[in-house]
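Please look at the sequence and the three-dimensional structure shown below.

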Amino acid sequence: MKLATWNVNSLGVRLPQVLDWLAAQAADGAPVDVLALQELKLTDDKFPFDAFTAAGYHAVSFGQKTYNGVALLSRTPAQVVMRNIPNFEDEQARVLCATIDGIRVIGAYVPNGQAPDSDKFAYKMRWLTALHTWVAAELRQHEQLVLMGDFNITFDDADVWDAEGLRDTIHCTPQERAHLQALTDLGLHDALRLFPQPPKTYTWWDYRDLAFRRNRGLRIDHLLISEVLKSRARTCQVDRTPRKNERPSDHTPVVLTLHPTDVTLT
DNA sequence: ATGCCTCAGCTCCTGAGA
């Protein structure tokens, strides 16, 4: 079983790349079972359901014009779907949650926050507090849970190409990292770091200044998995290949592979 | 460095992203 997250920065622009990537994964012999997409920048009436159906995927979309918007693609249908965080008023479409193959899947697009002294940063903090409360409740009901998406937060300096130069800037502040830590304190594990990774592993690179070629990036896209899913985890990797495409998203996918349930070790 | 790209939209500039 394979789960992935990808901020596509406009599904309208990136749809062919998403389809190509899914096809390439399947051609490698291990198709993606669940893909969480962020930053669709599309309303649901413009969501390309037909294209994903033809590719063998069920899709649930929670879209918005111009900004935000999230989707869950899956080879088996999504059940018990929820949109956004319960009991948190939010005009922005940032969260989709569903049960897929017995796993509670939460796809999230955490607010960017712009700058630490901005109103948008305050919104990011409130949003993350609400997310924490809700995920804690979901975890009590679902032992197999993954929270994946664009968190817009680095765990620590190893996730930052220039930790000194970017100290206390957006994505790197202690306040943001405390929220990420609070999520892992619920018993969620940073899936990528369960496995050895190449040094300077990032998931986002600025479009400007040849940042990708220079590997000047940040690791801000994450899969956080519950204890039971951790026991099923087989590999977790950043796939940089789509970032080399023409007109790429500035983010690239992160992929988690799980052992089948019947070979789970405890 | 008030810069660099890219995207969407009340589109030939602006706001936002990260």
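Glu138 forms a salt bridge with Arg104, and their closest N and O atoms are 2.8 Å apart; a salt bridge here is a side-chain nitrogen of Lys or Arg within 4 Å of a carboxyl oxygen of Asp or Glu. Because Glu138 lies in helix α3 (residues 119-141) and Arg104 in strand β7 (residues 103-109), the pair ties together parts that are 34 residues apart in sequence. Helices (H or I, at least four residues) and strands (E, at least two) are DSSP runs, numbered from the N terminus. Glu138 and Arg104 are both buried, where buried means under 20% relative accessible area, exposed over 50%, and partly exposed in between (1.4 Å probe, protein chains only).

This is a predicted model, in which local features need pLDDT of at least 70 and side-chain atom pairs count only at pLDDT 80 or more, while totals for chains, interfaces and linings use all residues. Residues are numbered from 1 along each chain as its sequence is written, chains are lettered from A and ligands numbered from 1 in the order in which they are written, and side-chain values use heavy atoms, with hydrogens and water left out.

Side chains of opposite charge can pair when their charged atoms come close. The structure holds 13 salt bridges, including one between Lys124 and Glu176, whose N to O distance is 2.5 Å. This pair links distant parts of the chain, since Lys124 is in helix α3 and Glu176 in helix α4 (residues 174-185), 52 residues apart; both residues are buried.

Asp159 forms a salt bridge with Arg193, with 2.8 Å between the closest N and O atoms. Asp159 lies in the loop between β8 (145-150) and α4, and Arg193 in the loop between β9 (189-190) and β10 (204-205), so the pair ties together parts that are 34 residues apart in sequence. Asp159 is buried, with a relative accessible area of 2%, whereas Arg193 is partly exposed, with a relative accessible area of 39%. Both belong to a network of salt bridges that links Asp156, Asp159, Asp190, Arg193 and Arg219.

Of the atoms of DNA strand B within 4 Å of the protein, 73% belong to sugar or phosphate and the rest to bases.

| Residue | Oxygen of DNA strand B | Distance |
|---|---|---|
| Arg14 | phosphate oxygen | 3.2 Å |
| Lys120 | sugar or linking oxygen | 3.4 Å |
| Asp150 | phosphate oxygen | 3.4 Å |

Asn215 is placed in the loop between β10 and β11 (217-218), and Asn215 is buried, with a relative accessible area of 18%. Leaving aside its neighbours within four places in sequence, Asn215 is in contact with Trp161, Lys200, Tyr202, Trp205 and Arg240, contact meaning heavy atoms within 4.5 Å.

As for the whole, chain A has 5 helices and 14 strands, and buried residues make up 55% of its 266 residues. The C-alpha atoms of chain A fill a box of roughly 45 × 45 × 40 Å, taken along the principal axes. Among contacts in chain A between residues at least 6 apart in sequence, 69% join residues at least 24 apart.

Notes. A residue is near a molecule or strand if one of its heavy atoms lies within 4 Å of it. A polar contact is a pair of N or O atoms within 3.5 Å; within protein, one must be able to donate a hydrogen and the other to accept it, and residues adjacent in sequence count only if both atoms are side-chain atoms.
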